[in-house]
Amino acid sequence: MRSEFALAVCQVGMERALKAEVARLRPDLHPGFQRPGLVTFKATTGTFGPDEAPPAVFARMWAASAGPCLTTDAVLATARDVGATRLFLAPRDLAAPDEAPPAALAAAEADAERWRAELAGSVRAGPPRDGETVLDVFTAVDEPPVVGWHVHGPWRHQAPGGTFDVVVPADIPSRAWRKVVEGLRWSRAPLQAGDLVLELGAAPGGGTRAFVEAGCRVVAVDPMPLDPAVVALPGVQVVARRAGDLKLGAIPADVRWLASDAGIPPRDVLRLIERLRPALPNLRGMLLTLKLNDDGVIRHLPSTLEQLRKLGAREVHARQLPANRRDVFVYARMK
Ligand SMILES: C[S@@+](CC[C@H](N)C(=O)[O-])C[C@H]1O[C@@H](n2cnc3c(N)ncnc32)[C@H](O)[C@@H]1O
């Protein structure tokens with residue numbers, strides 16, 4: 001079944017950026033009802049299918065929308081009407097990442113748990129099979145849940161709300177660990193055991209640790225010091241300088257992946273990539289956390305991604321993942 005409406009989930013505060021992107025990508029979708037971190041769109045020239053997911057950087061997930069459902073019966077009726085056999089239920093985000101007060105988070109999770117219990121007998125939770133229709137339910141304390149549905153597949157969101165089921169270790173040196181873990185899961189970048197990663201802006205080392213845990217060796221470039229526990233990991237070599245000061249002749253020829261989380265604007269990351277590219281003959285891909293320093297950077301994202309194509313990327317995918325704050329994750333496949 002199709003719908004007159006689509007719904008997309010984004011980071012709280014990025015609704016305007018999402019709507020601007022959708023206006024460019026899908027001018028037939030006009031913004032409608034919205035809540036923080038959740039925007040619906042009316043399909044003005046046709047309908048929106050549960051198999052559609054426009055490639056918007058700021059949309060964590062898409063679904064055909066049934067809008068707010070006032071009662072449990074209304075949610076279950078929607079599940080029946082659309083043939084949903086799986087449940088993805090998540091509390092709607094309350095604030096930008098890490099900004100919601102813990103008490104509000106606990107109340108939102110308790111409310112979501114109550115809805116899960118009410119729906120569990122009728123729609124199963126758990127990972128869907130490809131092709132299965134999933135009911136996407138977003139709960140919020142004292143508000144009716146907003147409901148949608150999508151047809152599951154390898155490139156769709158894999159967990160409720162477009163989040164990732166990641167358990168963050170207590171001893172990671174930085175939030176960048178989670179950004180890389182989510183980025184690798186989302187992109188499905190084919191990292192292989194022993195692959196060498198050249199990582200720009202590596203300190204204090206959360207990203208380096210995530211790459212090592214993914215089986216890679218890492219050349220970690222940063223003028224700032226890395227956490228000693230990360231430096232001691234097997235396969236980590238530290239180069240304590242700015243990326244612009246790297247000598248091309250000193251870069252190992254077997255670098256397979258170029259990663260960057262350097263605290264510099266995307267245009268400077270592009271310049272670095274252009275300079276380093278001739279010294280990276282075996283590059284398979286780039287895994288970049290690009291900083292959204294200001295609205296201009298957001299407006300220029302399409303041309304930034306286009307420039308990555310001009311630098312030799314065959315495919316470029318970008319997404320603001322749940323772990324991202326004022327940044328986005330980019331996967332550029334070279335070979
Ligand atoms: C957000 S932090 C990186 C976090 C890191 N990826 C991690 O996993 O912990 C940004 C880093 O970029 C570094 N940086 C800024 N400009 C750089 C440059 N031109 N070359 C290399 N590193 C740079 C800073 O020193 C800082 O450590």
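A word on what you're looking at. This is a predicted model, where local features need pLDDT of at least 70 and side-chain atom pairs count only at pLDDT 80 or more, while totals for chains, interfaces and linings use all residues. Residues are numbered from 1 along each chain as its sequence is written, and side-chain values use heavy atoms, with hydrogens and water left out.

So where are the domains? Domain 1 covers 5-162 and domain 2 covers 176-333, with bounds from an automatic or database domain assignment. Their centres, taken over C-alpha atoms, sit 31 Å apart. Across the boundary, 16 residues of domain 1 are in contact with 17 residues of domain 2 (contact means heavy atoms within 4.5 Å).

There's 1 salt bridge between the two domains, meaning a side-chain nitrogen of Lys or Arg within 4 Å of a carboxyl oxygen of Asp or Glu. R16 also pairs with D295 in a salt bridge, with the closest N and O atoms 3.5 Å apart.

Now for the ligand. It has 19 residues around it, the closest being S174, G207, D222, A243 and D261; a residue makes that list if one of its heavy atoms lies within 4 Å. Sorted by class, this shell holds 9 nonpolar, 6 polar and 4 charged residues, where Ala, Val, Leu, Ile, Met, Phe, Trp, Tyr, Cys and Pro count as nonpolar, Asp, Glu, Lys and Arg as charged, and the others, Gly among them, as polar.

A polar backbone atom of G207 is 2.7 Å from a ligand oxygen, and a backbone N or O atom of G205 lies 3.0 Å from an oxygen of the ligand. At A243, a polar backbone atom is 2.8 Å from a ligand nitrogen.

Definitions and conventions. A polar contact is a pair of N or O atoms within 3.5 Å; within protein, one must be able to donate a hydrogen and the other to accept it, and residues adjacent in sequence count only if both atoms are side-chain atoms.
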